[in-house]
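Hi,

Here is the model I promised to pass on.

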There are 2 protein chains.
Amino acid sequence: MESTLNDEQQKNRTPQMSELPTTCKEFRQACENCSLAKLCLPVSLAPQEMESLNSIIKKRLILERGKTLFNVGDSFSKLYAVHSGSFKAIMPTYYGKEQITSFYLPGELMGFDAIQSDQHQVNAIALETSSVCEIPFNGLLQLAGNIPNLQRQLIKIMSHKFNPDSNVNLNSNADERVASLLLALSSRFAQRGFSAVQFNLSMSRQDMANYLGLATETVSRIFTQMQEEKILQVNRKEIHILDFRQLQVRACVKVASE
Amino acid sequence: MESTLNDEQQKNRTPQMSELPTTCKEFRQACENCSLAKLCLPVSLAPQEMESLNSIIKKRLILERGKTLFNVGDSFSKLYAVHSGSFKAIMPTYYGKEQITSFYLPGELMGFDAIQSDQHQVNAIALETSSVCEIPFNGLLQLAGNIPNLQRQLIKIMSHKFNPDSNVNLNSNADERVASLLLALSSRFAQRGFSAVQFNLSMSRQDMANYLGLATETVSRIFTQMQEEKILQVNRKEIHILDFRQLQVRACVKVASE
DNA sequence: CGCCCGGTTGACAGATATCAAGCGTCGTGG
DNA sequence: CCACGACGCTTGATATCTGTCAACCGGGCG
């Protein structure tokens, strides 16, 4: 079954970081050395399988705040794994009526929107200085055909988008939306080994508001309101969750213990 | 490469509809004879590959209006392809604050929400008398590993959910939401060989409203308003689009020709 | 035939957007 | 090092959209 991988594996066994003169700003780091491996694609791959995956991931790109990784209409050939920093995906529509559809944190994959039509459907913009690993899509599919674990992992990652909680609930008010976003970010930071109760937002209030379908003023007012109620402490981009339980109540989260 | 499939294929070659005494109401019909094959999973499969897929699809279930196919928390083992009729996926939350997350038409696959946690995240409820084909998920993955076309097709189907247009735009008003939903349904009916300008809604106004994050009264008012403006003709569940172009304008659709 | 339920319509209220002003921080340049 | 300007954020006043409540209508079903 693995006979088709031999030359990929061969290539991977050759020394690192010397052979390819490219224009990118940094060479890849092996997945097996990446602290994000447990969040990203290589979850539960055997060392040998991880090596195969590694062999198709050639480049790491660095983007500064505000730079776009890809734009609507760009032709599709690669997925991108956030290695550091963060991104927003934004769908331009009429007259500045753009809609931010996702935020991406380290270990998360971007570009799935383009699979259907082979063209990207959103602009991906760095929210801060960030780096991404390029994952050639055809290579990934080929590999996934040979590594059941990788196939399952890819499909599992894609299935996140089908979780109703990963989208903003349309039948929720402004409170619930802001609270839900904060809880979602909190949980994603925690997954990455950061504090669940204190973190920095990389997006502006306007980005949050747009993502949630609110006005920036409304987001701002809800922050001050939640501060007055001792649920949050907010200092510009810095969020401190003081009353996690109450924040869950605001987000209408069903909590197991009650 | 196909050695692992032999016994599946064997089984498939045995006569139809006689061997399996089950509790389901109808036995499967072969994918190759199904008019939905071009929308469903078997797209672009070779006859032999289609046969393999066919071999894992054992049952067809029939559900009457209002019956649930699966519920939140049900353990996951199968995807379901709508064969006839239609469904809604609904996420129950606090106190009747439920949220309808999708509608499903013939040829569309349900159950992806459950992949992540192995438990369904929504209730799937028939909007009318409907039938579905059961697709064992593990069997499908195994098959997909051996049939690159099937793998690609599965991933392409899943990627639909990443298209920003397949979700309600949060920064849109009631007009735009209703218009967008009608256009989306129109296009999906057209794909299935039905009229793009005249069709029947299987969901109630309340379902539409909930899906769109509006009140039923608002949906109702927008229907009457669009009737007065000669954009639509509405008779209970029956929709007639009189001015397609204007409906697109309402939905803020970017049209290539202008 | 009459009830029930989904849908429509109207009046009103409330949530949130919009408009406008002011504030603090950060970066730049003198 | 300080002053200035720009920008993002906050706050207040007001407008608007949509939700809520209530009544009514009409078709379908018992």
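**Notes on the chain contact and the DNA**

Between chain B and chain A, about 4,400 Å² is buried (accessible area, 1.4 Å probe, lost on putting the two parts together and summed over both), with carbon and sulfur atoms giving 59% of that area. On the chain B side, Gln116(B), Phe162(B) and Leu170(B) lose the most area to chain A, together 18% of what that side buries.

Before going on: this is a predicted model, where local features need pLDDT of at least 70 and side-chain atom pairs count only at pLDDT 80 or more, while totals for chains, interfaces and linings use all residues. Residues are numbered from 1 along each chain as its sequence is written, chains are lettered from A and ligands numbered from 1 in the order written, and side-chain values use heavy atoms, without hydrogens and water.

The contact (heavy atoms within 4.5 Å) takes 46 residues from each of chain B and chain A. I get 0 salt bridges between them (Lys or Arg side-chain nitrogen within 4 Å of an Asp or Glu carboxyl oxygen).

Now DNA strand D: 16 residues surround it (a heavy atom within 4 Å), the closest being Ser220(A), Thr224(A), Ala174(B), Thr218(B) and Arg221(B).

Cheers
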